[in-house]
Amino acid sequence: MIACLSSNLPNLHSTPTAPGQTTSEPDSKPQARKLKSSPQLNRWSRARAVRSGRKLDRLGHRSPQSSVNFKVRDRDGVDLEPERISDGEDNVEAMEGKSIYMVSDGTGWTAEHAVNAALGQFEHCLVDRNCAVNTHLFSGIDDVEQLMVIIKQAAKDGAMLVYTLADPSMAESAKKACELWGIPSTDVLGPITEAIASHLGVSPSGLPRGAPGRNFPLSEEYFRRIEAIEFTIKQDDGALPQNLQKADIILSGVSRTGKTPLSIYLAQKGYKVANVPIVMGVELPKSLFQVDPEKVFGLTINPLVLQSIRKARARSLGFRDEIRSNYSEMDYVREELEFAGRIFAQNPVWPVIEVTGKAIEETAAVVLRLYHDRKHKCSMPRISKRY
């Protein structure tokens with residue numbers, strides 16, 4: 001039976017993705033809600049149960065079926081018989097929010113980012129209407145038994161399943177299980193893999209990254225990325241200005257415009273990045289104006305957003321009131337942004353990127369597009385002149 005797994009079952013990451021934590025009851029009559037413990041503790045408990053291999057017997061909302069039973073086969077051709085899932089009449093603790101289960105035979109990066117990108121289309125609901133969503137990431141799932149336990153729990157929780165499984169037999173098992181158990185599911189990797197295989201006329205390996213049959217030797221690209229990360233860390237916040245000419249990309253902007261996280265993100269892609277803060281009363285290093293201006297990028301942000309970020313930052317650092325007022329007061333924020341704007345205007349070759357409301361990945365995409373356009377002396381059609 002599949003009710004118990006070894007302690008090697010990979011970790012379950014449970015992350016609430018919306019601020020709301022309550023959902024409306026489907027019944028027309030208001031009913032008193034009884035919670036045995038906090039929702040966060042319940043999720044931790046369930047994650048611990050999966051990691052330890054204990055049976056997960058929590059029931060949730062699902063399609064109105066009395067029971068479902070089917071068989072799938074593992075890689076050795078042995079029939080696996082999951083336990084019957086039935087809708088019991090037991091008192092069940094109400095689950096807060098909808099759940100999305102993400103299953104991967106690798107790290108889960110692809111599934112997680114695909115789900116997060118899709119959830120971005122529902123911010124009006126997740127924020128304004130308080131319809132919470134909980135995402136659960138299961139990584140390293142490499143056999144059918146583990147997969148069936150997770151799908152069984154998804155059926156009990158009334159969850160949606162999103163999976164990236166390179167092995168076609170694993171993906172087919174997930175598809176059949178979800179169809180028979182009435183679980184909404186999406187195969188993220190399968191359709192695009194099939195399309196590319198058809199386009200290239202070559203069959204895919206069917207092996208996940210890190211599988212024994214796939215070897216990734218330490219290449220020149222790997223060492224270039226390591227070197228870029230080391231360089232970027234040393235060049236953070238205006239350090240070692242004499243090395244700016246060695247940077248591939250230079251970011252400049254006032255405090256809290258995201259220079260450091262953007263630098264690290266770009267460094268992980270193999271680019272040597274330096275960032276130079278713009279502070280009123282502090283002279284910028286002369287080397288910033290001596291390097292190739294086409295590799296310098298300015299960052300700006302909406303003053304209201306910047307003020308809120310700085311207030312939160314000042315509180316977290318325990319700044320005194322007088323320091324906090326200079327750092328996060330609106331007059332000072334506007335003045336500093338105007339000061340930065342004048343510097344950008346004096347250097348018209350520097351692209352100025354508006355980071356308000358942009359994720360790090362979005363800003364990085366703009367930087368890299370402009371960087372490569374300039375490097376290769378080409379330009380892609382531009383939707384807007386404002387970055």
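**Contacts of Met102.** I left aside neighbours within four places in sequence and listed what Met102 touches: Ala111, Glu112, Val115, Thr135, His136, Leu137, Phe138 and Val162. The model is a predicted one. I placed Met102 in strand β6, which spans residues 98-104.

I took one partner further. Met102 and His136 sit 34 residues apart in sequence. In space, their C-alpha atoms are 6.0 Å apart.

**Burial.** Is Met102 buried or exposed? I read a relative accessibility of 2% for Met102. The cut-off for buried is under 20%, so Met102 counts as buried.

**Largest pocket.** I looked up its volume next and noted about 900 Å³. The lining holds 29 residues, and the closest to the pocket centre are Asp105, Thr164, Leu165, Ala166 and Leu189.

Which elements each supply at least two residues of that lining? I found α2 (109-119), β8 (160-164), α5 (168-180) and α6 (190-200). I also sorted the lining by residue class: 11 nonpolar, 10 polar and eight charged.

**Confidence.** I checked pLDDT last. The chain average is 78, and 68% of the residues score at least 70. Over residues 1-38 the pLDDT is below 50. Beyond near neighbours in sequence, that stretch still has 86 contacts in the model. Residues 47-73 also have pLDDT below 50. For this stretch I noted 88 contacts beyond near neighbours in sequence.

Methods. Residues are numbered from 1 along each chain as its sequence is written. This is a predicted model: local features need pLDDT of at least 70, side-chain atom pairs count only at pLDDT 80 or more; totals for chains, interfaces and linings use all residues. Side-chain values use heavy atoms; hydrogens and water are left out. On a 1 Å grid over the protein atoms alone, a cavity is a set of points where a 1.4 Å probe fits but cannot get out, and a pocket is an open set with protein on both sides within 12 Å along at least five of seven lines; lining residues have an atom within 4 Å of a point. Grid points are joined across faces, edges and corners, and a volume is the space filled by probe spheres set on the points. Helices (H or I, at least four residues) and strands (E, at least two) are DSSP runs, numbered from the N terminus. Ala, Val, Leu, Ile, Met, Phe, Trp, Tyr, Cys and Pro count as nonpolar, Asp, Glu, Lys and Arg as charged, and the others, Gly among them, as polar. Buried means under 20% relative accessible area, exposed over 50%, partly exposed in between (1.4 Å probe, protein chains only). Contact means heavy atoms within 4.5 Å. pLDDT is the predictor's confidence in each residue, from 0 to 100.
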